[in-house]
Amino acid sequence: MGKHIIGPVGQFSDGTVKIVDLEGKSVGIVCTGGKFYALRNLCPHQGGPACGGIFPTLKAAIQANGRIVEYNDYEEPVVSCPWHGWEFDVKTGECLADRTRRIAVYDATIENDSVIVTIP
Ligand code: FES
């Protein structure tokens, strides 16, 4: 319970996930779009590593001619569990396939050029 210094901001590359152990919990530190997020690395499906990778959200839009076009939304990235592919919103921890399921999200901030994660 408390604040944890994860490391200098410069240690992280955009679009990456770093797995750390905090208070006996595996936590994914996500760096994307210049922001940081911290999520419990434990999938609610069957206990896999929920933060196996970070990806843009695949969305679809209907064009004026009726065609459906799929595109990647980099503004709403997800982490994905490699065991069966469940995806989780990095901001809320919500599972995209089943909004009743989620992974815990922890407060991630930057202080004195270091990434800080707070476990309540
Ligand atoms: S254990 Fe994560 S998708 Fe199945």
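Colleague: Which pattern does the protein follow when it is read along the sequence?

Modeller: Read in that way, the protein follows β-β-β-β-β-β-β-β-β, with zero helices and nine strands, where helices (H or I, at least four residues) and strands (E, at least two) are DSSP runs numbered from the N terminus. This is a predicted model, in which local features need pLDDT of at least 70 and side-chain atom pairs count only at pLDDT 80 or more, while totals for chains, interfaces and linings use all residues. Residues are numbered from 1 along each chain as its sequence is written, and side-chain values use heavy atoms, with hydrogens and water left out.

Colleague: How is a pair of aromatic rings described, and which residues form the aromatic pair here?

Modeller: In general, a pair of aromatic rings is described by the distance of the centres and the angle of the planes. Rings of Phe, Tyr and Trp (its six-membered ring) pair if their centres lie within 6.5 Å, and planes under 30 degrees apart count as stacked, over 60 as edge-to-face and the rest as tilted. The structure holds one aromatic pair: F12 and F36, edge-to-face at 5.2 Å centre to centre with 80° between the planes. F12 lies in the loop between β1 (2–8) and β2 (16–22) and F36 in strand β4, so the pair ties together parts that are 24 residues apart in sequence.

Colleague: Are F12 and F36 buried or exposed?

Modeller: Buried means under 20% relative accessible area, exposed over 50%, and partly exposed in between (1.4 Å probe, protein chains only). F12 is buried at 11% relative accessibility, and F36 is buried with a relative accessible area of 9%. Of the 120 residues of the protein, 38% count as buried.

Colleague: Where is N41 placed, and what does its side chain reach?

Modeller: N41 sits in the loop between β4 and β5 and is buried, with a relative accessible area of 10%. For polar contacts, the general idea is a pair of N or O atoms within 3.5 Å; within protein, one must be able to donate a hydrogen and the other to accept it, and residues adjacent in sequence count only if both atoms are side-chain atoms. In this case, the side chain of N41 reaches the backbone nitrogen of C51 at 2.7 Å. Contact, by comparison, means heavy atoms within 4.5 Å, and N41, leaving aside its neighbours within four places in sequence, is in contact with residues including I19, V27, P49 and C51.
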